[in-house]
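We will walk through it together, one part at a time.

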Amino acid sequence: MSNKRHMGLRASAHISNTLIYIVLVVMSVVWLIPFICIVLQSFRVESTWQVGYVIPQKWGWDNYVALWNSDFKRWYLNTFITALATAVGQTVFVLCMSYTLSRFRFKMRQGLMRFMLVLGMFPNMLAMIVLYRVLKDLGLTQANAVPGLILVYIASSGMGYYVSKGFFDTIPKSLDEAARVDGATRAQVLWKIILPLAKPIVIYTILTAFMAPWGDFVLARYISFGTSAGMNVAVGMYSWLQQDMIGQRYTMFCAGGVVVAIPVTILFMCLQKYYVEGVTGGAVKG
Amino acid sequence: MASVKLTKVKKVYDNNVVAVHDFDLDIKDKEFIVFVGPSGCGKSTTLRMIAGLEDISDGTVEIDGEVVNDLQPKDRNIAMVFQNYALYPHMTVFDNIAFSLRLQKMPEDQIYEKVTAAAEVLGITDYLLRKPRALSGGQRQRVAIGRAMVRNSKVFLMDEPLSNLDAKLRNQMRAEIILLRQKLNTTFIYVTHDQTEAMTLGDRIVIMKDGYIQQVGTPAEVFEMPKNLFVAEFIGAPKMNVMRTELKKDLNGGYTVSPFGVKLAVDGGKSEALAAKHAPTGEVLLGVRPEHITLAKEGQPGAIPCTVEVNEMMGSELHLHVVTEDGTRLIVRVPTIDLEPDQRHGLQRDSRLYITFRGKVMHFFDPESQENLLN
Amino acid sequence: MKKYNDLEYLRLSKGQKFLYRLVSFFAAIPVALKNGCLGIGRFFKNLAAAIGRELADIVLTFKNGDWKTRLSFLIMGFGSMARGQVLRGLLFLLFEAVFIFYMIMGGGHWMSLLSSLGRIGPHDEYSAVLDAYTKVYGDNSFKILLYGVLTIFFIIALVYTWRLNIKQNKIAEDILRSGKKLRSGKEDLKSMVDDQFHKTLLALPLTGIILFTVMPIIFMVLVAFTNYDGSHDGYNNALFTWVGLKNFRTMLTWSGSGVNYSATFGEILTWTLIWAFFATFTNYFLGMFVAMMINKKGIYLKKLWRTVLVLTIAIPQFISLLYVSKMFAKNGIVNGLLLDLGWITQAIDFMGSQAHNALLPRVMVILINIWVGIPYLMLITTGILMNIPADLYESSRIDGANAWQQYTKITLPYMLFITGPYLLTSFTNNINNFNVIYLLTGGAPTNAAASGAAGSVGYTDLLITWLFKITMGAESQYYMASVIGILVFLVVAIISLVVYNVLPSIKNEEDFQ
C-alpha cells in the first residue's frame, strides 16, 4: 500500500516536472526570440526596410559600417558620458540621503520622508516643461544637452533613496555605536565601517544609475529638442523608426540596438548578483 | 580610573515616553556597578546616556568631575561592550581590536604590542587574522572585550554582554569578567537582566523598574534588606513567597503573624525591629524566601499543612511547589541531604506535608505601598 | 451597528463574518474622516501656537539681549562675529548680502509682477530711426512666474535664517552667562563631520530636490491656473495671465457630448486604471508562478532559466520595446511568419496603427508588458520565496494541507504581506508608465470620438502620454497638461492613502525586521 502510494507520488512529480520543463523552454524561446531576430537582422544586407522573414538572404557588416558613418557615434558618446557622470553623481547623492535617513534621528526626518513620498506622486513629466525652459536659459539644451541632462539626472536623485536605505537599515546600528565609542567621528563611521559593508548596495546604485540614461527617452528628447548633436541613443534611434525613416534605417536600428545592448548587458551580467540583491531588498522594504 | 556621577538624569523620548526618571547615582572610582531590572526598565538607556549614544533630556552626567552631557562618545574616554558584540564584520580580529588605536593615530608597532598583549590575556592569539564570522560566540565575546580593553579608558561599560551566550559559556565568561576586572582595575558599569549576574559581579547593584531606581546596595544588602516587594521578588531564585496575613501584637509585646491560620511568632530580633519602627498591626504582606522554609512534622507547633503539586529535582536540592489549604501556592527549597532516602527522588504529587519558617527570615511589606516595613 | 466581541465574532458564519467586516469598514470611514479633519484643525492650531511662541521669543530676546544681539536683528551674524564666532557670523552676513543683492538685481521686480504676470506684452512700436513699426518685447510672464516663485522661496529661507540668527544670539548669551565657552570656528567645522554630519550629507541632495523637483512642480501647479499655451507663451506671442479655476472647470464639467475634456478624461482615466491593474497583477502572479517553477525541487539548470529571463532587464527598454512593436507591425516578422504558414490570409493589425479596434492593441500592450515585467518579478519573488520559513510548510503538511492549500494559505499571504508596499508603488508606477505605451503604440489606434478636444487621443493612451501629447502638440496647452498632472497626482495620492491604511505591512518602517 505505502509502496504503491510512493510510486504514485514519484510518477506525478515526474509529470509535473516535465510540464515545467516544457513551459520553461517555451518561455526561454519567447524571451530570446526578439533578441535573436534583432541580431540576425542587423547583419542583413539585401534590404534596409522591414521584411516578413528572419534569416537574412545576404549577410554582411554594411549596417554597422553605416552606423559608424552616421550621427550614431555622437549619440553613443553622449549617452556614455551621461551614463558615467550620472553613475558617479547619483550614487553620491543617493548614498548621502539614504545613509542619513537610516542612521540619524533628527527633528524633520519623518516629515522629510513623507514630503518626498508625496512629491513622488506628481508625474515627473510635469517638471520637464519647466526644466527645459530653465536649462534653455542656462544654455544647456540642444547641442549642449549632455551637461544639462546630467544635471537633471543627478539633482533630484536623492529621492530614490528607498532601496539603499532599506539596505543600510539591515546593518546593525550597534556597529556605528561601537565605532563612535572607539573614537570615530560620524564621517569616519560612514567611511570606515558602513561603506565597506554596503558594497553590494553601492554597486547596485552605480549599476542602475549607469543603465538608466541608456533607456531614457522623454527627458532626453525634451532637452535635445531635435538637435542631433545633443541626442542620446534612445532619442536618436527612435527617429529612425518613424514613418519617414524606417525604410532606410530599420536594419541600422537593429545594428545600433546590438551595439548599445552589448556593453550594458555584459556589465549587467557581471554584476547581476548585486542587482538581484538590491532589487529584492528594495521590494521587501518598499 | 574615574568616578561617574549622575544627577537627576532623565530620558524623555520624542513620543513623550519617559524612559528614565530622575536618576541619581554616585559611582566611585574602580567600583563595579551593575544595573539590573526587567526589560524596559531603563537600565540600558541609562548606560547609553553615560556612553553618549543617547541624548540626555535633563540632568547631568559627570565623568571624573567633568560634565559630559554635550560631549560626543569619542570624547568621553569610555569603552563599551555591546550585547551583540558589534564586531566590524569586514575587519579581522586584529583590525577590530586595533581600530580605536588607529583612530588615535598610534604608531603601528605600539598597536601591535597592545593588541597582541590583549589577545594573550583573552586567549585569542590564534584567531587574530580571522574575520568575526569565523568565530564562535565565546570567541566573539572575547574580541569585543579585547577591543574595549586596549583603550585604557576611564570607564568600562558593558551592555548585557553575556546574554547571547549559552548557559555554560555564560558561567565561564562571568568568572573571566571578574578576573578581567581585577586586572584592569577600572570603573565598571554593567547592565544585565539576570539577577545572578548582578549578585555575583557587582560591588553594588542598582535595581530598576519602569525608569525608577528601586534600590541601590551591595548584593548582601539587597538580598537581606530589600526596600520593597519588587526588589524582594526580583532578587533571589526561585523568587520569594508572598502571603497576605495579619500582623498582631501578643500580650508580652511581641509581634505574631498567622498565615493560613497557623500562628507564628515573629522572633529572631524582628519583633524588636518592627517595634522600633512603630509598625502598626493589621494586614501585611509577608515574604519568605523558598530556601528559608523548612519541612516540619505533623503536630509540631507552627506547622503549616499543604499538598505537593509539582516537584523539581535539581540534584543538590529539591524545589517543591506546594498548595496550602486556602489554595495559596508556595515554593519550598529543600536540600536533598535533609530528606529521607525515599523522598530524594521527589515527593508524590498530592502527598501531604508540613512546612514552617522562623521569624528572623520574615520580610514585611506594606500592602498599599509595598514598601518594606523596616525601612 | 452592533459590535461583536472576539468570541461572538468567532461564532458567525463565513458570510456573516464577511458582511460584518464590510459594514465595519464603511462604518469606520466617517470616523476616519472626522479624525482627519480634527487632525488638520489641530495641525493649524499647533502651527499658530508655534508661531506665537516664536514671536514671543523673538521679542523677549530683543528685550533681554545686549546690544550685540539687538544689532543682529538688522545685521545678521553681527552678534556671532562680535562674540568671536567669526565663521558663523560671516555665513549669516553672506546670506543676507546675497539676498539683498538678488532682490535688487531682479527678485523684487519679479515679485512685484507676480500678481499680474506682466503688464506690457510684445507689441509693435514706432521707431523714428527706422521710420517703421518694429516688434518690441515687453515683460516675460514665464520668467515672472518662475523667478517670482523662486523669490518667495528665497524670502522664506531668509526669514528662517534670520530667526536662526536670533536664536543663535540667545543661545550664545545663555552659554556665556553660565560661564562656559562658545564653540570656535574650528569646532564648528569639526562638528560638520560629526554631530552635525547629517546636515552636511543632506545639503546637496536636498538643494537638488528643491531646485529641480519642488520648484518645477510648484511652477506647473501654478500654470494650471493660467492660460499658458503655445499662443500665450508669455514673451514672443502674448503674455499669459491668471485665469482662476477656469481650466479645472473645462476639464471637469460634463457637457454631455462626446468631444470634450471631461469625457475624454473619463475615458482615459478608466483605461489607465484598467491598465495599471492588469499590468501590476498579471506581472505579479505570473512572475511568482515562474519563480516557483524554477525554484521547484528537482528542476535542473535553475541558473540558466533565470539568466535567460534576466537578459531582458539588461537590454535598454527602448530597444526591446521599439523592436517588439515593429515585430508586431503590419509588415513585421510576426505577420510575415503567420502569412507564410498560411494561418492567416491578411496581416493582423496588432498594434492598431490603422484599425479602430481598441481591444486588440490594449490586450497586446498588456501581453508585451508581461514579457517585460516577468523577469523583474521573478527576481524579486525568488528572493522572498526562499525566505519563507520551511517549517511553515512542514507544519502545514503535517496538518494535512495539499500543494494548492499551501499556496493559498501560506505562500500567498506571506508574499502579499511582504510585497504589499511594492505592489502599491508598482501600481502607481504603472499609472505613469510612459515608456511601455509610448514606445509600443504611441497611444494608437486613434480615438476619433475623443480627439477633437485635446489633440490626438488614442485608445491605448494613458493620462501621462496624453499629457505629453498635449505639451508636444501644435497648441501646446501647457495649462491643460498641468491640470491633468494635478489630477494624476490626486488619483495616485487617493489610491496610496487608501491602500496605506489597509495594508498591515506598510504602516511601520521599523516593524519590518
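This is a predicted model: local features need pLDDT of at least 70, side-chain atom pairs count only at pLDDT 80 or more; totals for chains, interfaces and linings use all residues.

Which residues is B:Leu157 in contact with, if we leave aside its neighbours within four places in sequence? They are B:Leu47, B:Ile50, B:Ala51, B:Ile78, B:Ala79, B:Met80 and B:Ile189.

Next, let's see how the chains meet. Between chain A and chain C, the contact takes 66 residues from chain A and 80 residues from chain C. On the chain A side, helix H1 (residues 2–42) provides the largest share, with twelve residues. By class, this side of chain A consists of 49 nonpolar, 14 polar and three charged residues.

Chain A also meets chain B: here 15 residues of chain A are in contact with 18 residues of chain B. On the chain B side, strand E6 (78–81) and helix H2 (93–103) each supply at least two residues. The chain B residues that touch chain A divide into twelve nonpolar, five polar and one charged.

Stay with chain B and follow its domains. The domain assignment gives domain 1 (4–233), domain 2 (241–289 + 363–375) and domain 3 (294–356). The C-alpha centres of domain 2 and domain 3 of chain B are 24 Å apart. Where these two domains of chain B touch, six residues of domain 2 are in contact with eight residues of domain 3. The domain 2 side of this contact has five nonpolar residues, one polar residue and no charged ones.

You will find A:Ser70 in the loop between helix H2 (62–68) and H3 of chain A. Why does A:Ser70 count as partly exposed? The reason is its 16 C-beta neighbours inside 10 Å, since a residue needs 20 or more to be buried and 12 or fewer to be exposed. Along the chain, A:Ser70 and A:Met252 are 182 residues apart, but their C-alpha atoms are separated by 9.8 Å.

Conventions. Residues are numbered from 1 along each chain as its sequence is written. Chains are lettered from A and ligands numbered from 1 in the order in which they are written. Two residues are in contact if their C-beta atoms, placed from the backbone, lie within 7 Å. Helices (H or I, at least four residues) and strands (E, at least two) are DSSP runs, numbered from the N terminus. Ala, Val, Leu, Ile, Met, Phe, Trp, Tyr, Cys and Pro count as nonpolar, Asp, Glu, Lys and Arg as charged, and the others, Gly among them, as polar. Domain bounds come from an automatic or database domain assignment.
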